[in-house]
Amino acid sequence: MTRFKPLPLLLLAFVAFYLLPLGLHGLWIPDETRYAQISQEMLMSGNWTAPHFMGVRYFEKPAAGYWLIALGQAVFGQNLFGVRIASALTSGLSVLLAYLIARRLWNDPRKSFACALLYLSFGLVAGQAGYSNLGPAVHLLGQPQPGGAVVCPRQPYPASPTRRLGRAGARLRDGLHDQGLPRVAAAGTDCGALYALAAAPG
């Protein structure tokens, strides 16, 4: 009897449905062209602090999402694949995280595979993985928060207040870099809930 191996199957699905279609259609207007241009200017100017769009400072979104798109262009070239690879990779990491959270919940590779495959096939998730945008990075940063609700009650929580504040600060920092103050508010609420859950007796 062959042993079920979910991770290679998920990798195959990721390559087939997320990576291969990246270069099959042109940039969507206006979002993809804007993100590609901002990231290209960041890469060419060397200014990784203040995003610029057609030479004008552009602060609609924080810089972290543009960093990922710019890194994709730096590694794979200034082409469709390079512009979109950051979205595909962060979506793939979210699928892997969904698998790990489900595995932690049920310790069943088939159920975990089904959960990850379902997440991978969601129209919104798959759609955002296929074009250049900041949404997949937001999803990746947000998933550890509900995932922590599964892991925290089963793991010893650090007794040191400094380490507790450090973990919460890391969540807030990630939110600020990617989506600004609204993300910080959401991350702060989740961190507070998880802190209370983990500190509760039993």
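**Helix packing and local features in a predicted model**

Good morning. Helices α2 and α3 pack at an angle of about 70°, with their axes 8 Å apart. Axes here are lines fitted to C-alpha atoms, for helices over the stretch in contact, and angles run from 0 to 180 degrees between N-to-C directions. Helices α2 and α3 are therefore roughly perpendicular to each other. The cut-offs for such words are as follows: angles under 35 degrees count as roughly parallel, over 145 as roughly antiparallel, 65 to 115 as roughly perpendicular, and the rest as oblique.

Before I continue, a word on the source. This is a predicted model, in which local features need pLDDT of at least 70 and side-chain atom pairs count only at pLDDT 80 or more, while totals for chains, interfaces and linings use all residues. Residues are numbered from 1 along each chain as its sequence is written, and side-chain values use heavy atoms, with hydrogens and water left out.

Which residues bring α2 and α3 together? From α2 come Tyr35, Ala36, Ile38, Ser39, Gln40, Met42 and Leu43, and they meet Tyr66, Trp67, Ile69, Ala70, Gln73 and Ala74 in α3. Contact means heavy atoms within 4.5 Å. The residues of this contact of α2 with α3 divide into 10 nonpolar, 3 polar and no charged. In this scheme Ala, Val, Leu, Ile, Met, Phe, Trp, Tyr, Cys and Pro count as nonpolar, Asp, Glu, Lys and Arg as charged, and the others, Gly among them, as polar.

The protein has 10 helices and 2 strands, where helices (H or I, at least four residues) and strands (E, at least two) are DSSP runs, numbered from the N terminus. Along the sequence the pattern reads α-α-β-β-α-α-α-α-α-α-α-α. Of the 202 residues in the protein, 39% are buried; buried means under 20% relative accessible area, exposed means over 50%, and partly exposed lies in between, with a 1.4 Å probe and protein chains only. The protein exposes about 11200 Å², of which carbon and sulfur atoms supply 68%. Such areas come from the Shrake-Rupley method with a 1.4 Å probe, and for residues only the protein chains shown count as cover. Among contacts in the protein with a separation of 6 or more, 69% are between residues 24 or more positions apart.

We return to α3 and its contact with α4. The axes of α3 (residues 64–76) and α4 (residues 80–106) come within 7 Å and cross at roughly 125°. That makes α3 oblique to α4. On the α3 side the contact is made by Leu68, Ile69, Gly72, Gln73 and Phe76, and on the α4 side by Phe81, Gly82, Val83, Ile85, Ala86 and Thr90. By class, this contact of α3 with α4 has 7 nonpolar, 4 polar and no charged residues.

The next pair is α1 and α5. Their axes come within 10 Å and cross at roughly 10°, which makes α1 roughly parallel to α5. Helix α1 contributes Pro6, Leu9, Leu10, Ala13, Phe14 and Tyr18, while α5 contributes Pro109, Phe113, Ala116, Leu117 and Leu120. The contact of α1 with α5 has 11 nonpolar, no polar and no charged residues.

I turn to the loop between α1 and α2. Proline 30 lies in this loop, between α1 (6–19) and α2 (31–45). The peptide bond from isoleucine 29 to proline 30 is cis, with omega near 5°. Proline 21 also has its place in the loop between α1 and α2, and at 29% relative accessibility it counts as partly exposed. The C-alpha atoms of proline 21 and phenylalanine 81 are separated by 9.0 Å, although the two are 60 residues apart along the chain.

Aspartate 31 belongs to helix α2 and, at 30% relative accessibility, counts as partly exposed. How far apart in space are aspartate 31 and tyrosine 131? They are 9.1 Å apart, C-alpha to C-alpha, and 100 residues apart in sequence.

Finally, two residues other than glycine have a positive phi. Methionine 54, with phi near 55°, is in the loop between β1 (52–53) and β2 (56–57); at 59% relative accessibility, methionine 54 counts as exposed. Asparagine 107, with a phi of about 50°, is in the loop between α4 and α5 (109–121). At 61% relative accessibility, asparagine 107 counts as exposed. Thank you for your attention.
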